[in-house]
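Colleague: I have some labels to check with you. Could you show me the structure first?

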Amino acid sequence: MSACDLSVRIASLVLRNPVLSASGTYGHGLEMGVFTAAAELGAWVSKTVTLEPRGGNPAPRICETEAGLLNSIGLENRGLEHYIAHTLPLMAAADTVVVTNIGGERVQDFAELARRLDGESAVDALEVNLSCPNVQGGKLPFATDRVLAAEVVRAVRAATHKPIFAKLSPNTAGLGEIARAVEGAGADAITAVNTLLGLALDWRTRRPGLATVQGGYSGPGIKPVALRCAWECARAVRIPVIGCGGIQDAADALEYLVAGCTAVQVGTASFADPALPGKLAREMASLLAAQGIGSARELCGTIHDGREARDAVQAR
Ligand code: SIN
């Protein structure tokens with residue numbers, strides 16, 4: 001076992017390592033214990049929970065592409081009541097930090113979810129899903145407008161004492177401004193980023209791969225885009241950034257730390273190997289130790305981008 005210290009701090013939370021499951025790719029974490037014990041992860045991030053149950057979008061809603069996956073699930077879930085009554089009590093027993101991802105179509109949906117979850121001691125933090133591309137006609141109203149994004153986060157901030165992660169989208173220009181807006185509205189961390197809008201089709205049948213035609217693209221093909229987004233956010237804000245997009249191995253995860261992230265989320269790669277999140281943390285520790293780096297925190301923001309990213313991260 002290596003001596004490298006992987007622990008990181010996000011707001012009031014101390015995570016034993018910087019590897020989190022990405023929302024929507026890991027169930028609520030409960031099903032995954034046979035592959036990766038909760039204690040091997042920095043945190044579990046739940047699938048998005050909405051106020052009311054949602055059936056999601058019509059099938060087909062998953063489509064494999066050359067270098068990743070398109071999805072248009074549409075936030076299928078059993079709703080808040082079911083989550084509180086049946087899922088959270090099981091998550092509470094997990095030996096890891098529990099982050100509940102919340103989604104809605106109106107500002108007041110997010111505020112109500114935050115208010116109702118504020119009293120739930122099993123929830124350590126909320127991740128505000130501002131960026132699902134598969135609802136509201138793919139228009140991403142909250143993720144592409146810094147005023148609306150800030151409005152949601154401000155309403156959530158007013159409704160909860162728990163740390164808030166704001167999950168942003170790559171499908172916008174001016175991501176840094178949106179990151180700054182949600183920081184100003186009270187977010188404690190930024191998750192960068194959700195899926196890229198994409199389309200797959202078969203030229204012979206002329207049919208798209210998804211019933212909704214377009215959907216969210218994830219997997220190794222998006223890594224350069226997502227890494228740039230995470231770096232852009234880390235440059236723009238002083239709160240921690242949690243990088244997400246295309247991570248397949250420990251080296252990918254360490255690249256996000258160098259770009260300025262405090263932690264990472266692993267998503268699509270878990271479908272191919274559900275044991276990956278646990279392995280990643282161990283491999284990160286070995287790689288860092290082999291380089292004589294004593295902690296994950298030391299690596300954060302060390303990119304030589306000529307713009308002193310490291311100073312910004314270390315000032316946090
Ligand atoms: C979905 O449920 O459509 C995916 C979740 C997301 O991209 O936020």
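The talk below takes a few labels and sets them against their definitions.

Modeller: This is a predicted model, where local features need pLDDT of at least 70, side-chain atom pairs count only at pLDDT 80 or more, and totals for chains, interfaces and linings use all residues. Residues are numbered from 1 along each chain as its sequence is written, and side-chain values use heavy atoms, with hydrogens and water left out.

Colleague: What makes β5 and β6 a pair?

Modeller: Strands are DSSP runs of E, at least two residues long, numbered from the N terminus. Two strands pair if DSSP finds at least two bridges between them. β5 (residues 62-65) and β6 (residues 68-71) have four bridges and run antiparallel, so they pair. Two residues lie between the strands, which form a hairpin.

Colleague: Which side chains of β5 are called buried?

Modeller: C63 and T65, which point to one face. Buried means under 20% relative accessible area (1.4 Å probe, protein chains only).

Colleague: How do you know what span to expect for helix α8?

Modeller: Helices are DSSP runs of H or I, at least four residues long. The expected span is 1.5 Å times one less than the number of residues. α8 (residues 276-290) has 15 residues, so 21 Å is expected. From first C-alpha to last, α8 reaches 20 Å, close to that value.

Colleague: Which residues of α8 are buried?

Modeller: Among them are L276, L280, M284 and L288.

Colleague: What follows α8?

Modeller: G292, with a positive phi near 70 degrees.

Terms used. Buried < 20%, exposed > 50% of the residue type's maximum accessible area, 1.4 Å probe, protein only.
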